[in-house]
Amino acid sequence: MYINTLFWKQNPTGDKKNQEEKMQKTLLSCLITTLLLITVADSMKDTSVRLKLAHRDTLLPKPLSRIEDIIGADQKRHSLISRKRNSTVGVKMDLGSGIDYGTAQYFTEIRVGTPAKKFRVVVDTGSELTWVNCRYRARGKDNRRVFRADESKSFKTVGCLTQTCKVDLMNLFSLTTCPTPSTPCSYDYRYADGSAAQGVFAKETITVGLTNGRMARLPGHLIGCSSSFTGQSFQGADGVLGLAFSDFSFTSTATSLYGAKFSYCLVDHLSNKNVSNYLIFGSSRSTKTAFRRTTPLDLTRIPPFYAINVIGISLGYDMLDIPSQVWDATSGGGTILDSGTSLTLLADAAYKQVITGLARYLVELKRVKPEGVPIEYCFSFTSGFNVSKLPQLTFHLKGGARFEPHRKSYLVDAAPGVKCLGFVSAGTPATNVIGNIMQQNYLWEFDLMASTLSFAPSACT
């Protein structure tokens, strides 16, 4: 899931005037783009077969009444694997901002195929499928990096007549087209903003770096071989690393081998490509800090997303008057943490309370509407303003934990001399989304076995 907004990056070196003009032109061409990967799980046959893949490979599928049954079975599988392993080694991947590539996403690199080829991919906790720019039985030159499937010894397509294609991958938009038994299973993603990705499903080897400095090959991982894709969120990227809570995501593969935890620390979203931290699968000593806070992670309410239970939002010492239904996932609300969304989306009732509450502290600033920046509350910062005057925004979470984002994470640079309140109204009812800018300079650890989310402020260095 993506909502991507490009923000101005200040560069003190070089020609400031030319740099500002260039960035302003770029801003005029950028929109908030929303890519919602909609999972449809209304088939009892589909859910039973997904359970069969995890635990009943030799039996015929039996109907299950709720998606919670499948997620519960997945958690038991992770728990069993974790008890059997006692490894201190984990997967370690560089993680950096995409601002230098004209996007507000975060990138890492993966090596795909045999021999392994390197690709830059968007890190997305809201996507199930990992895919790369790819050519299957196609020739010709490309202007960007491309994975040529025919040159990989480990590339194996998923057949269009298989149960995997016809049933299991239906939620990943597999197509019913199957002219011959040897035809690969194909997909066609169509997003609300017109963005799209088309290609074929395959099993392939992904090579990753480990925390001990060695490399490891992860064979048989489901990937998408995308022959075409369009969308602002993919600018500068060769594909997507799907980290959602799903049998088909990279998270499932990595945590089944190295323990049911993964963590990341997002550097400042305006950092250049030479500044990075790590995405780690497996236990990490760096998460054990005195400032660590923990809240339940709900893996069943809004699958395949990572949901948390927000109780309310305060500004300074004042709790905002937000209806409890906004946070109730059973009433169409609820909240997820998403690395593929840049801004933070709030249901209308919460959005109005937060925005008007913060705007009261910015009355001395001139409100502006810069062209090409589709955010409601923006202000001119040509004159000096002490950002510390803004009250501390706090998300109050179940279990007593409090998430206190940095002020730069909710008053964000949007254009030269312009800052905006980094929130977007999601309508009513709506899922609230804590985006990657709000998450920056915090260390996040997802414990899938214990169903907890731990976090702590960090410089991400």
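Over the ring of which residue does the charged end of Arg 367 sit? In this predicted model, the ring is that of Tyr 377, with the charged end 3.8 Å from its centre.

**View 1. Charges over tyrosine rings.** The charged end of Arg 367 sits over the ring of Tyr 377. A further case involves Lys 92, which lies over the face of Tyr 278 at 4.1 Å from the ring centre.

**View 2. A four-stranded open sheet, with strands in the order S21-S22-S26-S25.** The pairing in this sheet is antiparallel. Strands S21 (367-368) and S25 (411-415) stand at the edges with a single partner strand each, so one side of each has no neighbour in the sheet. Three bridges join strand S22 (residues 378-380) to strand S26 (residues 418-421) in the antiparallel sense. Ser 380 has Val 418 as its bridge partner in S26.

**View 3. The disulfide of Cys 378 and Cys 420.** The sulfur atoms are 2.0 Å apart. Because Cys 378 belongs to strand S22 and Cys 420 to strand S26, the pair ties together parts that are 42 residues apart in sequence. The torsion about the S-S bond is about 100 degrees, so this disulfide is right-handed. Cys 378 is buried, with a relative accessible area of 0%, and Cys 420 also counts as buried at 0% relative accessibility.

View 4. The model contains five disulfides. Cys 160 lies in the loop between strand S8 (156-157) and helix H4 (163-168), and Cys 178 in the loop between H4 and strand S9 (186-190), so the pair ties together parts 18 residues apart in sequence. Cys 160 is buried, with a relative accessible area of 4%, whereas Cys 178 is partly exposed at 25%. Cys 165 is in helix H4 and Cys 185 in the loop between H4 and S9, 20 residues apart. Both Cys 165 and Cys 185 are buried.

**View 5. A cluster of aromatic rings including Phe 245 and Tyr 306.** Ring pairs also bring Phe 250, Phe 262, Tyr 264, Phe 281 and Phe 446 into the cluster. The ring centres of Phe 245 and Tyr 306 are 6.5 Å apart and the planes stand at 65 degrees, so this pair is edge-to-face. Both Phe 245 and Tyr 306 are buried.

Note on methods: Residues numbered from 1 in each chain as written. Predicted model: local features only at pLDDT ≥ 70, side-chain atom pairs only at ≥ 80, totals over all residues. Heavy atoms only, no water. Pairing = 2+ DSSP bridges. Helix = DSSP H or I, 4+ residues; strand = E, 2+ residues; numbered from the N terminus. Phe/Tyr/Trp six-rings, centres within 6.5 Å; stacked < 30°, edge-to-face > 60°. Buried < 20%, exposed > 50% of the residue type's maximum accessible area, 1.4 Å probe, protein only. Lys NZ or Arg CZ within 6 Å of the ring centre and 35° of its normal. Disulfide = S-S within 2.5 Å.
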